[in-house]
Amino acid sequence: MSKWTVIGLIFLGICFITTSATAGDFDGSKPLLFSAIKVFECSPQGSCDEVTAESISLPQFLKIDFKAKKVTPARKTAGKKGSDIQSMKVVDGKLMLQGAEDGVEGVRDGIGWTMAISEETGKAILTASGEEVAFVVFGACTPL
């Protein structure tokens, strides 16, 4: 188990003890903090490898502001501006968010992303795909 997985699990444990999240907390009415727990990087050759959030330049914690329609790093980090939520829709008890990012200007590193958040538990899966790479991030949200 990686260091980041342990830190993520400890953080989530603290969050669940100190807050009493309810099902209504994950319906898009309140801002959320997302924690990446397990991260996988997949290639067209069919392999998916577990990596760290840090190794793919994904902040460990993301703030989701539904009113502003933004997903931003929980901590301000140089070069990390966040992403606009371009679509929000509830499907079968999951709040689906979608967006796209250009990445670094002049570099073909743009991605499209989707996050599915369980309205009942706050567990979330973030997927992102670009050219010749895909990422799957399992995590959980807690109300801010």
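## Surroundings of S83

Leaving aside neighbours within four places in sequence, S83 is in contact with K69, K70, V71, A100, E101 and W113, where contact means heavy atoms within 4.5 Å. This is a predicted model, in which local features need pLDDT of at least 70 and side-chain atom pairs count only at pLDDT 80 or more, whereas totals for chains, interfaces and linings use all residues. Residues are numbered from 1 along each chain as its sequence is written, and side-chain values use heavy atoms, with hydrogens and water left out.

S83 is found in strand β5, strands (E, at least two residues) and helices (H or I, at least four residues) being DSSP runs numbered from the N terminus. With a relative accessible area of 8%, S83 is buried; the term buried applies under 20% relative accessible area, exposed over 50%, and partly exposed in between, with a 1.4 Å probe and protein chains only. The side chain of S83 also makes a polar contact of 2.9 Å with the side chain of W113. A polar contact here is a pair of N or O atoms within 3.5 Å; within protein, one must be able to donate a hydrogen and the other to accept it, and residues adjacent in sequence count only if both atoms are side-chain atoms.

## Overall architecture

The protein has one helix and 10 strands, and from the N terminus on its elements run α-β-β-β-β-β-β-β-β-β-β. Of the 144 residues in the protein, 31% are buried. Among contacts between residues at least 6 apart in sequence, 45% join residues at least 24 apart.

The protein exposes about 8500 Å², of which carbon and sulfur atoms supply 57%; accessible areas come from the Shrake-Rupley method with a 1.4 Å probe, and for residues only the protein chains shown count as cover.

## Strand pairing

Strand β3 (residues 61–65) and strand β4 (residues 70–73) pair in the antiparallel sense over four bridges, two strands being paired if DSSP finds at least two bridges between them. The bridge partner of I64 in β4 is V71, and V71 in turn has S83 as its bridge partner in β5. The two strands β3 and β4 form a hairpin with four residues between them, and K69 in the turn has a positive phi of about 55 degrees. On to strand β5 (residues 83–84), β4 pairs in the antiparallel sense over two bridges.

A further run of pairings begins with strand β6 (residues 87–91) and strand β7 (residues 94–101), which pair in the antiparallel sense over five bridges, with Q98 in β7 as the bridge partner of S87. Two residues lie between the strands in the hairpin of β6 and β7, where D92 takes a positive phi near 50 degrees. Strand β7 is also joined to strand β8 (residues 111–118) by eight bridges, and these two strands run antiparallel; in β8, the bridge partner of Q98 is T114.

## Cysteines

A search of the whole structure finds one disulfide, a disulfide being a pair of cysteine sulfur atoms within 2.5 Å. It is formed by C42 and C48, whose sulfur atoms are 2.0 Å apart, and the torsion about their S-S bond is about 115 degrees, so the disulfide is right-handed.

C42 is buried, with a relative accessible area of 14%, whereas C48 is partly exposed, with a relative accessible area of 47%. C141 counts as buried, at 0% relative accessibility.

Rings of Phe, Tyr and Trp (its six-membered ring) pair if their centres lie within 6.5 Å, and planes under 30 degrees apart count as stacked, over 60 as edge-to-face and the rest as tilted. By this rule the count comes to one aromatic pair. F40 and F138 form this pair, which is edge-to-face, with 6.1 Å centre to centre and 85 degrees between the planes. The pair links distant parts of the chain, with F40 in strand β1 (residues 32–42) and F138 in strand β10 (residues 134–143), 98 residues apart. F40 is partly exposed at a relative accessible area of 22%, and F138 is partly exposed at 38%.

D25 lies in the loop between α1 (3–18) and β1 and is buried, with a relative accessible area of 4%. Although D25 and P143 are 118 residues apart in sequence, their C-alpha atoms are 6.3 Å apart in space. The side chain of D25 makes a polar contact of 2.4 Å with the side chain of K30.
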